[in-house]
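Here are my notes on the model, in numbered points. Have the structure open while you read.

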Amino acid sequence: MSLSLQRRAQESRLMAYCSPLLALLLTLVTGALLFWVQGREPLQGLYTFFVLPVSDLYGLSELGVKAAPILLCATGLALCYRANVWNIGAEGQLLMGALIGSALALQWLGSESGWALPLVLVTGSLAGMAWAAIPAVLKNHFNTNEILTTIMLNYIALNLLLFAVHGPLKDPGGFNFPESALFSDSTLLPVLMEGYRLHLGALLALLAVVVAWVILSRTFVGFQIRVLGLDSSAAHYAGFREKKLVMMVLLFSGAMAGLAGVSEVTGPIGQLVPTVSPGYGYSAIIVAFLGRLHPVGIFLASLLMALVYMGSEMGQIEMGLPLALGGLFQGVLLFFLLACDFLILYRVRWVRAGRDAAASEA
Amino acid sequence: MDIDLITNILFAMVRTGTPLLLVALGELVCEKSGVLNLGQEGMMLMGAMAGFGVAFTTGNLWFGVAAGIFVGMLMSLLFGFLALNLNANQVASGLALTIFGAGLSAFMGSGFVGKPLSGMEAWVIPVLSDLPLIGKALFAQDPLVYLSFILFGAVFLVIYHSRPGLILKAVGESPESAVAVGLSVMRVRYLAVLFGGAMAGLAGAYLSLAYTPLWSDNMTAGRGWIALALVVFASWRVGRVLLGAYLFGAASIMHLVMQGLGVSVSSNLLATLPYLATILVLVLLSSNQARIKLFAPMSLGKPFHKTQ
């Protein structure tokens, strides 16, 4: 008996849906092994990581708090990836949204105007959009690789944020901590339930997913985006304006990430801090793939990713595990996903040694 | 500027350019074989973590260097399995390698954060190091910098003046023809990927053992990505990789130059310079599409199916 691989005549739809689940299962098994190697009870470890954080209403509301920015970023990224535009810059776009949104919010510390919050949110989204416009223009007019430019812009955004909290936006009465002043209530997102941190941003994120789904599946632009991603020469011959599409998906993605950033500072954080994002923009890349670039899939995957963030905090508190375990889980998950996607194109068969030659001839 | 300042700037430029040179040489060889590995950053992080961890535990810096190289190669095997055996998308596989490397290095290195280590000391070569201007930059460095000179020469000779170099380029240009003349595309690509991993691991170990002897999460700060841009900058030519690495080294140490000139700018703003320089370089070099097409290996990034 030996394993034999056969290329499928066509891609397996079933496997396209099963592969993320299989990858998750393999990640959980790897996680259990990891806990065991560390001398912990594997099942207790998995329980602490994946069940305990959401075992009460507060935990569930926190899941929403963490999932919202990831969902926003991933929704934008999915649209980009559909068009075969490799935007890795959600993190930087998120940080710019937070930074510029905060700069505006800090102008209204004493204000009670009802316009303050909407303007801050719009400004944050526009900042993310502007940050995403840079790689779009460079790709369209100078043929630069968007993977590299968006990553460089992530590092630049982070340093600009650090500059701002150490310099111009630092709270004068903040005992020299690198943080801005606390925002006034007029620039804070209202919470959905008293006593919990879940805020309006979570609803905005859900709305964004619906919008993205409508654009992608119900509009001509969405159709063009999908064709561009599947076969750029077909899009070219069909007369689609490729550069315009590239610009559109990047701007949309930037706006989503910018909104995520500004929702974080006006939502659960309430001020600008250096650690606005624990890497939401990077996690969103995994979420986009895991969710099969489909809005419903992305919604589910962002909940999972939020759970991983909460689980790693819980693991640190309850079991003294390093916080970085969450990042490790994310990486492992993406690896297994790419490996399992192999099954979409190939089928694995057990072949008896004697019939091996006959099978390969057939 | 006085001559001492220029001497010191050149010295710092070579030191800062060395990790970039190492990773970029590895990636160049990898790309010459037709494989685009975006996982350099992740492999560097693992090399830095393993290098520091082993050196700290054993008290021997050279064990650390070996560990960095070894771990870089192990990481590249993961990429090779995905991209070469399973024919997964090379861009996605490389990204996965970087995300995985960042997570795993932060996890495994969490016990080493803030631990002290006396780093690698310079081997000052007598007489030569007293040369004006360049003496200090070329002959008063730590041993890994000298190793980077040697590796640069070796890669140059292999790619331009050897049979293995020809085979490497043949596989990168046209894997179909390479198969037709009896070469194993798989084996050549695996070896190139492994070499890339070894160099990234070494570059990481250089950072955590010689450049700033410590370990902290994400300490490579995007150098793996800058190295990828360097290969484009060099238009896949070995000599230009060296030039580019030192130019980027110079962009990263602008604070030294600024101090010398008596200008005070926020360190966070100065820290954006290498990334800005990378974007600028990409703009200047990529805008000519014909040029990229002329120099990039023909099969770069394309999966190869033997059965086709």
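1. Among chain B contacts between residues at least 6 apart in sequence, 78% join residues at least 24 apart; contact here means heavy atoms within 4.5 Å. Bear in mind that this is a predicted model, where local features need pLDDT of at least 70, side-chain atom pairs count only at pLDDT 80 or more, and totals for chains, interfaces and linings use all residues. As for bookkeeping, residues are numbered from 1 along each chain as its sequence is written, chains are lettered from A and ligands numbered from 1 in the order in which they are written, and side-chain values use heavy atoms, with hydrogens and water left out.

2. On overall shape, the C-alpha trace of chain B spans about 60 × 45 × 40 Å along its principal axes. Its radius of gyration is 19 Å, which agrees with the value near 19 Å for a compact globule of 308 residues (taken over C-alpha atoms; the globule rule is 2.2 Å times the number of residues to the power 0.38).

3. Chain B has 15 helices and 0 strands (DSSP runs numbered from the N terminus: helices are H or I, at least four residues; strands are E, at least two). An unreviewed UniProt entry lists transmembrane regions in chain B, including residues 143-160 and 221-238; such annotations may be inferred rather than shown by experiment. Residues 143-160 of chain B are 100% helix, with end C-alpha atoms 26 Å apart. For residues 221-238 of chain B, the helix share is 67% and the ends lie 24 Å apart.

4. Buried residues make up 56% of chain B (buried is under 20% relative accessible area, exposed over 50%, partly exposed in between; 1.4 Å probe, protein chains only).

5. The largest nonpolar core has 213 residues (buried Ala, Val, Leu, Ile, Met, Phe, Trp, Tyr and Cys joined through side-chain atoms within 4.5 Å). A:Leu272 is among those with the most contacts inside this core, as is B:Trp225. Beyond its neighbours within four places in sequence, A:Leu272 touches residues including A:Leu161, A:Glu179 and A:Phe183.

6. Is A:His199 buried or exposed? A:His199 is buried, at 2% relative accessible area. This histidine sits in the loop between helices H6 (146-166) and H7 (200-218) of chain A.

7. Helix H2 (residues 42-50) of chain A has buried residues including A:Pro42, A:Leu46 and A:Phe50. Their cover includes helices H1 (13-37), H12 (295-319) and H13 (325-340) of chain A.
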